[in-house]
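I opened my notebook to look up a few things in this structure. Here is what I wrote down.

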Amino acid sequence: MELSEHIKTANVEDVTLRRPFHPALRGTLCVTSHHLLFSNRKDEASWQLLILLKNIDAIEKSVENLFGYPRAVGSSGTITIKCKDLLVLQLEIPGMEECLNIASSIEALSSLESVTEMYPFFYRPSHLTLLGPWGLSTTEQYYKQTERLWDRWRVSKVNSDYSVCPSYPSAVIVPREVDDDKLIRSARFRQGGRFPVLSYCHHSNGMVIMRSSQPLTGANKKRCKEDELLLQAVIDGSELGYIIDLRSAQQAQQARMTGGGFESKSCYRHWKRIHRHHERGKVVQESLIKLVEACSDLSHSVDRWLSKLENSKWLSHVHSALSTAGLVVECVERDGHSVLVHGSEGTDNTLLVSSLAQIILDPASRTVTGFLCLLEREWIQAGHPFQQRCAHSAYSHARLKQECPSFLLLLDCVWQVWRQFPLALEFSEALLLRLAQEVYASNYGTFLCNSEQERCAAGVKENTHCLFQSMLKPDIEEQYLNPLYEPTDLAIWPSVHPQSLQLWTGMFLRWTEYAQNMEEAREEVWSIVKEHRERV
Amino acid sequence: MEHIRTPKVENVHMIDRLTPRKSTAGTLYLSSTHTIFVENSEARKETWVLHSLVYNVERLPTNPSGSPLLIRCKNFHVYRLLIPQEKDCLDVLASLTRLSRPECYGELFCFSFNPNLDKELREKAWGFIDLKAEFSRMGIPSNLWHVTAANHEYRLCETYPSELFVPKSAFPAVIVGSAKFRSRGRLPVLSYFHRDTSASICRSSQPLSGFSARSADDEQMLHAIMKSNPVSELMYVVDTRPKLNAMANRATGKGYENEDHYTNIKLQFVGIENIHVMRSSQQKLVDVGELPAPSMSDFLWGLENSGWLKHIKAVLDAGVFIAKAVAEDGVSVLVHCSDGWDRTAQACSLASVLLDPYYRTIKGLMVLIEKDWVSFGHKFSHRYAHLDGDPKEVSPVMDQFLECVWQLMQQFPCAFEFNERFLIQLHTHIYSCQYGNFIGNCQKERRDLRLQERTHSLWPHLWENRAEYTNPLYRTDHSQTQGVLKPLTTAYCFKFWKGMYGHADKSVASHQSPADCLNAVREESQQLEEELSAHQERLAQLKEKKTSGGRKKTNKLSERVRRPIPIESKLSSPLDYFTATRSEKHSPSFTLPLELAAPPKNGDPDDLSTCSDFESGVADLSSHSSSAGDDTKDHDSDEAVKSNT
């Protein structure tokens, strides 16, 4: 079925658009295969609102005059559009039939399942070209640039056809002394084939952060010699490594009943295991839903608000992510030990913790380019299932499947770090907000699919543009830069005391008056800094 | 001096709550005004705690390593000392308990505090804030308002200032009659006049109306106030109490205005709770800050349970209501509560901050506090426990006002000339008794104490150091600066004031302050411009020769800009992550090789927030003053710091 077949009414005149804190506007509404376009023409000056249909999380329609004739005078309908970036719009559409047609088009077109039908495959801006390499860097390039790896680490192409681990990229970094056969065996012993691979090597002491999925020890405590050797090779001579298991000890025990498990002390003698409980999947998604609901009710008393904020548990997730990342950093930086991080699948909290630890540890990942490279390496190439996790956001009424805002949680944590260290990051809150928006609905192919393998199969690299490239070229937009940036080589230990963590107002109160004053303050900071730069 | 049993104790440890291994050994000295802790380390860092800032001193059970002593301060700093000998600890406890509770005004620090100003300067300093000038700034006296001598020598009302502004149309007999009908004689008088609309904010205490009493004079007084706003036929009476409380007062012959007896008034209750509710609410909030290793839920639950932010919202809502009536409806407002010196002061001053950009400047806020709080008889010495007295009189009324201003600053980052540090410094000095401004409970008492001759004024001191209190984002021509502020009072706008109450975790934010960075940048810019113009002048003079100074200066500058970065600091204490685990159920059977969780055997040492000025890096930044008054090096803290840097 062609996309255009979903569109029964393409154009409606005299539509009224209502947005928060803006006067209502009248104009023309237009539905295309991928967009909702509202345009208002008033004395030459025209104003347009273009919304990607994929950005629409839920729509609610109410039709008045149900008992009258369809085209009777005054019959009209209202569509409330709730977007994944948390914006809520209302459209008053004259004509009941038009209203229902538009609503059903939006419903059908906003929930396309086929990747190649999505807008990034059609987005062809004139300033970008599809030729040339896609993305910022590859595993090989990263390895080449990181001299401290050359001695003890190598790039393995064991997964070049994605048969060893379907969710890993074709190339991964592993200890030099472990050959590909051992990797294959280790992969069989890990859920989803996600055997331990290098995530980060610390510049000051060569200690590393590894990540993987859980070992498949099962109820009868299976062992895998190659997996043990692989981890032994990681610590190579040094006395101790830490395994940070992102589940409680009890959960890890229970996982054995379903074939999973944990690294027992007797088999991995030089590794110490620490369990840290992290919520995952549905629970986190529900937190987001509750938080957004709490933020959108303006009538709450302070007590009710605080109780809803507490009840959403969102900040508790932020708290645990930052604490565990801090723990990883503490092991690596202060105590000089290598760390392996994993939970169950190793595609959500594992990536969250390992990438946060890098931001705390590594000054290189605090620049704009470095941060985007980190996201590319640790989230996109590492196989975070974006398509599944970001299918819906906070407003959708659809039954939850595999949605989980892990990436949004990462952005929130990074924001907390930025708030505590306003000078340490090169990028601004605006960059985080842009990413929060793009991950749910985008013109670019970066966040499409669930793994490198799927992206290859769909031809994402050949047929779409890369978001990160476009953000960096030709120049980084000023709004994504932190005017106060002063690089520091030190680890930036964030405080995880509850009173140090705050609601990310820029994100969750983005469309309120509250955000406007903050925007003015941001401009003021820029103007002071610019004035100063001119003088210098 | 006779209260000091042990002037010096050696081998005392100052314990850091979050990172016990950062604790330092040193010597403790007791002077007649301060407790001083001098570190044994090379730097010999000194921590000064003013006796008058001590809230309480608590001794925890003795343990093998010594006797722990807890000093809690009124500005929410907590110091934890470990004294080797129990006897010394008991002596220090007894001395401090006595010294922190002066029994008469003469014992207060302000009478011995001497910053070496000569008499002339001291007198000039007391004239720094001139309330007459402030009223004339508002356009008062005018053809409708004038000053009355009715309260000369405090004949009419002991707790009011001697000069009162009233409507011209109110005859002396009406003034006297109205005062008789008001609790403690606190009759309706002018607090703020809004030029743009000619509407005014007046204040008073509750009327002695009981169930049926009325006073023709009081009714005329209100009528005169309404008539002093020529464009409006109406006036609001804002009773800042919850309606139930106001009604209960009728049984004791007090109460509120009967709308039928007064012409064209509209009565409005705004429901700010009384001082006792606020006192216990703040205590709960402070307890939340002292929780040993709270989870996010513990913290949010505690915050909700304290009710503190709810009360802050109520106070701000009152201010917003009044400001809206005055600015948008152009209607005059009479504000009162019971006595008209707590909630009334909060509501009037907040409304003024919202209405008038002047009160959002450094000088303006001083003027406002001098007018609405000091002159109108807010009972500073009672509320802030300057003397050992009735604990039921103590209440954080001013704390709430300052916090409301802080909450507004969060919403309007460009609207205020001063920064958070200024508010915290004001808070400290309201409690500290270092300056004479806030001593006593009313103008008459201050006059009788001859404070202007015997003590110093805080205002010029703050003014001289205003560079430290300036918000870099403030610009007089910014849109947020202009006109009336219309804040959101949605629940989510109210935040926990970490700078005030979060001393348990004074770790990171203070190390990297964008405001300090911007201030530095601003300063450099100004210097540059001055240098530039100097050079241009010189260039003009020496037309033939080129000066090479310009380049040199530029280099110097780029070095200077880096100043705000705490390069040497460790930026934070990594121990956070372990303390966080300790309370967890799934905590590992694992400890890293360090004395992290040195298990607290001695009572509950975690029940303590530590002033972490001992943490590295804090001193790098120009944040000396945020803690001045109790832990700085000299009586005249800021001066000393300046000469040090």
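Predicted model: local features only at pLDDT ≥ 70, side-chain atom pairs only at ≥ 80, totals over all residues.

**Notes on a cysteine and a helix pair**

I looked up B:Cys337 and it counts as buried, because its relative accessibility is 3% (buried means under 20% relative accessible area, exposed over 50%, partly exposed in between, with a 1.4 Å probe and protein chains only). Residues are numbered from 1 along each chain as its sequence is written, chains are lettered from A and ligands numbered from 1 in the order in which they are written, and side-chain values use heavy atoms, leaving out hydrogens and water.

UniProt, in an unreviewed entry, lists B:Cys337 for "active site"; such annotations may be inferred rather than shown by experiment. I found B:Cys337 in the loop between strand E14 (332-336) and helix H10 (343-355) of chain B (helices, H or I, have at least four residues and strands, E, at least two, as DSSP runs numbered from the N terminus). Not counting residues up to four places away in sequence, B:Cys337 touches several residues, including B:Ser204, B:Asp239 and B:Arg343 (contact means heavy atoms within 4.5 Å).

Next I checked chain B as a whole. I noted 22 helices and 14 strands, and buried residues make up 60% of its 645 residues.
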